[in-house]
Amino acid sequence: MDDTDGRLIVLDPADTVAVARCPVAAGTRLTIGGRDVVLDGAITIGHKLARRAMRPGDKVLKYGVSIGSATAEIAVGAHVHLHNMKSDYTPTHTRTGEAANP
Amino acid sequence: MSFLGYPRADGRKGIRNVVAVAYLVECAHHVAREIVLPHRDRAHVIGFPGCYPNAYAQRMMERLCTHPNVGAVLLVSLGCESFNRQALERAVRDSGRPVETVVIQQAGGTRSAIAAGRAFVAREAAALDRAPTAEMTLADLVVGTVCGGSDGTSGISGNPAAGRAFDRLVAAGATCIFEETGELIGCEEVMAARAATPDLAGALRASVEKAARYYAELGYGSFAAGNADGGLTTIEEKSMGAYAKSGASPISGLIKPGDIPPRGGLYLMDVVPDGPVRFGFPNISDNAEIVEMMASGAHLTLFVTGRGSVVGSAISPVIKIAANPEMYDRLHEDMDVNAGRIITGAAGLDEVGDEIFDAVAAVAAGQQTKSEDLGHTEFILTYKSFEPIGPACLPA
């Protein structure tokens, strides 16, 4: 995808997130979904950045299908993870034993 | 694209022509291994270790001994195990293959049984060198896919690239099989939407629900904390990473181990036993999955690995696809395809998918995989129990 930085993989053209191929440092400037953004935090390989702006309740699309729903406003370029999306299937449990997004 | 294979009486064709030496209880394993030693390039050991009877194991052994890559079969029995060796021998003979049974207790012990077995293997291996060949195309091929030793890279490089290869194979008329319903929890609806008929969609959903119940009973969760560290947020996201191996073709049917797909297309294999949890984990290691693919006719298996599995298989070649570029650098002598190039940005998904497709064609035409060349012939078969599939599973 030429609208997205080479350090990110877009798995399907319909996706609202892109996946990091490598660690990307905080403050890095990159293009994603045609927008220039500055990363507010470091991300490591396999983590997701928003390719499209999402509102609470919007489906998060990866592999061209929904992998859950946004739980907060997500701006293009934001890290998408437990803090701003949730499973539509079962809550995701983390090491603390708490459901991260019940 | 055509290549030469080995025609069998049932109409299928093999891409290899090996002598299967099958032990029918662990007590006969040593003798089987010794029989194969001088013929390791032509004969492979397979077998079932249990002494108690099991309908699944009996059926699996019949399917494996009449696999298209097998040209002749030697059964090695201790003599007092409960495996029905007569029924297995009859099934092999009815398939048109040379078959002989060595019963260790009747042959006069270990040394005599090994000598008798080696004489059969030497004779049949020489006969296989003169075996007739017939033209084969990709439409004759059955290809399985499994993943093992997965890490965060498998779902974004190796698995989707294998899915691209599956799409091209299905388009060419091949039969492709994916599996591990326990790793599909959360993508039932996405998968059901690809089913050829509404009844099949229901059967696909039910197979994943069965897997979820089975794993819950074992107390074995699917989403581990380490998954979130690796960037995975939800169970459906993790499952989609495994599911990506299946590509995007319509799903033609749902089979269980040993069911042979009736025609080309994409099939899901339900590997989770039916009924109450009885014999433990559905598949105790990656080779148990590869064996089930072979029992359903897989000529070769694609194996996507992130952490770096080194296994191959008896009977059917395994094409190993490295998902992680760092692992590829360390273990390249064991890896056939470097899908890690998707991670480094050196190649796209389509490019690696094409490379996997080309590797399938080359291996089918006789090129040795890394694990074949290294002499890997792993095999494992354990106890399981299945009900037959229902009519909704294979729509006309």
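## The second largest pocket

In chain B of this predicted model, strand S1 (2–7), strand S3 (18–23), helix H1 (29–36) and strand S4 (43–47) each supply at least two residues of the lining of the second largest pocket, where helices (H or I, at least four residues) and strands (E, at least two) are DSSP runs numbered from the N terminus. The largest share of this lining, four residues, comes from S4(B). The pocket has a volume of about 620 Å³, and of its 31 lining residues the closest to the centre are Arg40(B), Asp41(B), Ala43(B), His44(B) and Thr377(B). On a 1 Å grid over the protein atoms alone, a pocket is an open set of points with protein on both sides within 12 Å along at least five of seven lines, a cavity is a set where a 1.4 Å probe fits but cannot get out, and lining residues have an atom within 4 Å of a point. Grid points are joined across faces, edges and corners, and a volume is the space filled by probe spheres set on the points.

By class, the lining has 15 nonpolar, 10 polar and six charged residues (Ala, Val, Leu, Ile, Met, Phe, Trp, Tyr, Cys and Pro count as nonpolar, Asp, Glu, Lys and Arg as charged, and the others, Gly among them, as polar). Because domain 1 (18–130) and domain 2 (138–393) of chain B both give residues to the lining, the second largest pocket lies between them; the domain bounds come from an automatic or database assignment.

## The largest cavity

A search of the whole structure finds one cavity of 30 Å³ or more, and about 60 Å³ of space lies in the largest cavity. Helix H2 (55–65) and helix H11 (286–295) of chain B each supply at least two residues of its lining, with the largest share, three residues, coming from H11(B). Among the lining residues are Tyr56(B), Met60(B), Pro282(B) and Glu292(B), and the lining divides into eight nonpolar, two polar and two charged residues.

## A sheet in chain A

An open sheet of four strands in chain A has the order S1-S2-S5-S8, with antiparallel pairing (two strands pair if DSSP finds at least two bridges between them). Strand S1 (8–9) and strand S8 (79–80) of chain A stand at the edges, each with a single partner strand, so one side of each is left without a neighbour in the sheet. Two bridges join strand S5 (residues 48–50) of chain A to S8(A), and the bridge partner of Leu49(A) in S8(A) is His79(A).

## Basis of the values

Residues are numbered from 1 along each chain as its sequence is written, while chains are lettered from A and ligands numbered from 1 in the order in which they are written. In this predicted model local features need pLDDT of at least 70, side-chain atom pairs count only at pLDDT 80 or more, and totals for chains, interfaces and linings use all residues, while side-chain values use heavy atoms, with hydrogens and water left out.
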